[in-house]
Amino acid sequence: MFYTCIVTITNEIVKKKIIQGGENMRLNRVKFITELAKQDMTLVKLSTLTGISRVTLSNIKCGKSCKDEHAKSIAKALNCKVEDLI
């Protein structure tokens with residue numbers, strides 16, 4: 001029960017940050033990699049679709065934080081919501 005409350009509160013905070021914008025966030029590595037595999041997409045192709053450099057995408061894939069705009073661009077290119085990648 002306690003864990004569920006923390007997760008719910010954390011998810012609400014993340015959703016508010018996405019809406020407000022302007023801050024960095026960290027995508028869930030497993031969810032990001034899984035979505036790339038589902039779409040049969042390489043980082044080079046994702047880079048072309050989003051305009052984000054392949055090196056930056058590689059850093060995000062390895063667990064580094066990214067700008068909100070990058071997260072939104074990635075989600076749009078992968079046809080999913082940002083929340084699905086967090």
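**Notebook: a predicted model**

I began with G51, which is exposed, with a relative accessible area of 67%. Exposed means over 50% relative accessible area, buried under 20%, and partly exposed in between (1.4 Å probe, protein chains only). I found G51 in the loop between α3 (43–50) and α4. Helices here are DSSP runs (H or I, at least four residues), numbered from the N terminus. I then looked up G51 against S73: they are 22 residues apart along the chain, and their C-alpha atoms are separated by 8.5 Å.

Notes on the source. This is a predicted model in which local features need pLDDT of at least 70, side-chain atom pairs count only at pLDDT 80 or more, and totals for chains, interfaces and linings use all residues. Residues are numbered from 1 along each chain as its sequence is written, and side-chain values use heavy atoms, with hydrogens and water left out.

Next I turned to T50, in helix α3. T50 counts as buried, because its relative accessible area is 17%. I looked for polar contacts (pairs of N or O atoms within 3.5 Å; within protein, one must be able to donate a hydrogen and the other to accept it, and residues adjacent in sequence count only if both atoms are side-chain atoms). The T50 side chain reaches the backbone oxygen of L46 at 2.8 Å and the backbone nitrogen of I52 at 3.2 Å. Leaving aside neighbours within four places in sequence, I list L57, S73, I74 and A77 as in contact with T50; contact means heavy atoms within 4.5 Å.

I checked how α2 and α4 pack. Helix α2 (residues 29–38) and helix α4 (residues 54–61) meet at an angle of about 125 degrees, with their axes 9 Å apart. Axes are lines fitted to C-alpha atoms, for helices over the stretch in contact, and angles run from 0 to 180 degrees between N-to-C directions. The pair is therefore oblique, the class left after under 35 degrees (roughly parallel), over 145 (roughly antiparallel) and 65 to 115 (roughly perpendicular). From α2, R29, F32, I33 and L36 meet L57, I60 and K61 of α4.

L85 lies in the segment after α5 (68–77). I noted L85 as buried, since its relative accessible area is 0%. L85 and N28 are 57 residues apart in sequence and 5.7 Å apart in space, C-alpha to C-alpha. Not counting residues up to four places away in sequence, L85 touches several residues, among them F32, E35, I74 and C80.

Last, the cysteines. C62 counts as exposed at 57% relative accessibility, whereas C66 counts as buried at 4%. I counted zero disulfides, a disulfide being a pair of cysteine sulfur atoms within 2.5 Å.

Key: Helices (H or I, at least four residues) and strands (E, at least two) are DSSP runs, numbered from the N terminus.
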